[in-house]
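I opened this entry to keep a record of what I looked up in the structure, item by item. The coordinates and sequence go in first, and my notes come after.

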Amino acid sequence: MRLEIVPRGERSRLWAYGSPILAIALTLLTTLMIFAVLGKDPLESLRVMWIDPLTARRGISELFVKGAPIIMIAVGLSLGFRANVWNIGAEGQYVMGAIFATGVALYFYDVETFPVWVLMIPAGILGGMVWGAIPAFLKTQFNASEILTSLMLTYVANLALLYLVVGPWKDPEGYGFPQTRLLTAAASSPHLIPGTRIHLGVVAAVIIVILGWFLLSKSLLGFKLKVAGQAPRAAAYAGFSTKSLTWLSLLVGGGLSGLAGMFEVAGPIGQLTPALPTGYGFTAIIVAFLGRLHPVGVFFGGLVLALSYLGGEKAQIALGLPAAVTKINQGILLFYLLGCDLLIRYRLRVVPSKRRAA
Amino acid sequence: MDSAVFVSVILSVISAATPLLLAATGELVAEKSGVLNLGVEGMMLVGAVVGFAVTLTTGSAFLGIVAAAFGGALMALIFSVLTLTLLANQVATGLALTIFGIGLAAMMGASFVGQPVDKLPSLYLPLLTDLPIVGRILFGQDGLVYFSFVALGGTIWFLFHSHAGLVLRAVGDSHDAAHAIGYPVIAIRYGAALFGGAMSGLGGAYLSLSYTPMWAEDMTAGRGWIALALVVFATWRPLRLLLGAYLFGGITILQFHVQTMGLGIPAQFVSMLPYLATIVVLVVISTDRSKIRLNAPACLGRAFHVTG
């Protein structure tokens, strides 16, 4: 007896939505097994990682604070992935957005009466867009793979960040620590709900999800993106320009990543430090796929991954597990998801084993 | 430049080039069969940590190197099951492999951070190694350096002078035709991908056992991605890979020398050099679209499934 993979006539809508759920379930099961192997009580560990972060004081609001940047980045990426534009340098665009925004904040350091954060928003978006525009230019002009160029630029952005915080932007009263001054109240993302850390960036993420959904479902542009990804030749016959879709994908992806970076420095982090790049740009890739490259799906996917970050932090403290557990879990989740996605286009059939000819 | 400085520069270029050459040679074979595995960075990291851990615990560098190749191949097996058997998107799966590899290596290596290990022993032949200038360069390297050349030579022979290599290239250029003739497309791709993983593992092991004999998180620092770019740079021809790997080895070393020259350029800008050079090289090569189209395996990155 063996399993055979048989193509379906058309894509299964059921499995398009079922696959992420099955993948999450399989990931949980695998995590349980890993915990058992590591000699931790599996159920206890599961509770610490996946339940405790939610039931903790301010748990839900923290989930949204954590999820906001991931969701913002992933909405941008999912538009690009639809058109087969593989921007995997969102991490660098995120850092650049944070750098541009911090530059504005430090320039207006003495301003107290004017809300500097209003200026930091376009600066952050611009920073990310500039960093996204480079791979777009190199792709459309010279045919260079955006996968490799955008990733290389991530290393460059991280080094630029390091240069600034140990060099010209180092906090003069920071006892030599590699970080900028703490941003002033005027340069901070406004807090919206007293008693929580919910700030403007969280609302911005929700607005971006809605805008993204509108763009994808209701506009000609969204239609072009879908066609370009699923049927590139049809898109070419229809006169859709791949070049402009490449530009659009990288500018939107870069801009949203930059905005996420801006809100992180202006919000939860409060200054530029070498600890800023924590892999949100890569996590967002997983979120984009988990969310079926759809902004609404990305919203829920982002919350799941945000939970995995919070759970990973809890596991570090309560169970003494290394921080890398979060990354391993994320990798496993994407493996399962990509595997389960087989069921969208194919079904499995059990074939009785044929008797071998003698 | 006096000869001692010259020799030490050449030696350091070789050691910076070797991990790139090892990983890129493996990836080139995988890509020739049509498999685009973007997980090189993750496989190198796993190779680096496994090689280090096994060497440290068993005291045998040989076992460590073998284990590193095995670890890299196991990572490639995950990739192969997903993309070749379960027909998952190769780009996305490769990214997943890198994310997973970074985490897995960090977790496995947590208890090894900061521990020293003996550097891989170098060859010593009386008289030959003592020759002026060329002695150390030609006869004083460690085993993995020599192996990187043997593997490259073997790859050239295999791909272009053996029947099996011809079949592998056919699978990469037209999987439908290769299947129709009766070649096992999927099995061949599994083999090529596993070879790629093993070579990436060796590249990683070179980093943690010879280049800087220690383990540190993310110690590959993007070399896996540079190796991927080198395959494009070489337009899928192994001999050009040698040129590319040594060019980048040179740039990496240039970086250290610029820093010590005291030109007042901040260290971070100098460290950007290899990444910026990768972009420049990609742009230069990719501009000539026909060159890429003529040399890239036609089925690169495409899933193959037998229907009917």
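**Entry 1: the interface.** I kept in mind from the start that this is a predicted model. Which three residues supply more of the area that chain A buries against chain B than any other three? I noted Leu148(A), Met152(A) and Phe335(A), which together account for 18% of it.

**Entry 2: polar and charged pairs across the interface.** I searched for salt bridges between chain A and chain B, and the count came to 0. For polar contacts, I found 3 residue pairs across the interface of the two chains, with both residues of each pair at pLDDT 80 or more.

**Entry 3: which elements of chain A take part.**

**Entry 4: salt bridges overall.** Over all chains, I found that the structure holds 7 salt bridges. In one that I followed up, the side chains of Arg197(A) and Glu62(A) meet at 2.9 Å, N to O. This pair links distant parts of the chain, 135 residues apart, with Arg197(A) in the loop between H6 and helix H7 (200–218) and Glu62(A) in helix H3 (residues 59–82).

**Entry 5: helix H10 of chain A.** H10 (residues 242–269) has 28 residues and reaches 38 Å from its first C-alpha to its last, close to the 40 Å expected. I noted a kink of about 30° in H10(A), centred on Phe263(A). At the start of H10(A), a side-chain oxygen of Ser241(A) comes within 3.3 Å of the backbone nitrogen of Lys243(A), and the residue that follows the helix is Gly270(A), with a positive phi near 85°.

**Entry 6: helix H12 of chain A.** H12 (residues 295–319) has 25 residues and reaches 34 Å from its first C-alpha to its last, close to the 36 Å expected. After H12(A) I found Gly320(A), whose phi is positive, near 70°.

Note on methods
Residues numbered from 1 in each chain as written. Chains lettered and ligands numbered in written order. Heavy atoms only, no water. Helix = DSSP H or I, 4+ residues; strand = E, 2+ residues; numbered from the N terminus. Expected span 1.5 Å × (residues − 1). Bend = angle between axes of the 7 residues up to and from the residue. Polar contact = N/O pair within 3.5 Å; in protein donor to acceptor, adjacent residues only side chain to side chain. Buried area = accessible area lost by both parts, 1.4 Å probe. Salt bridge = Lys/Arg side-chain N within 4 Å of Asp/Glu carboxyl O.
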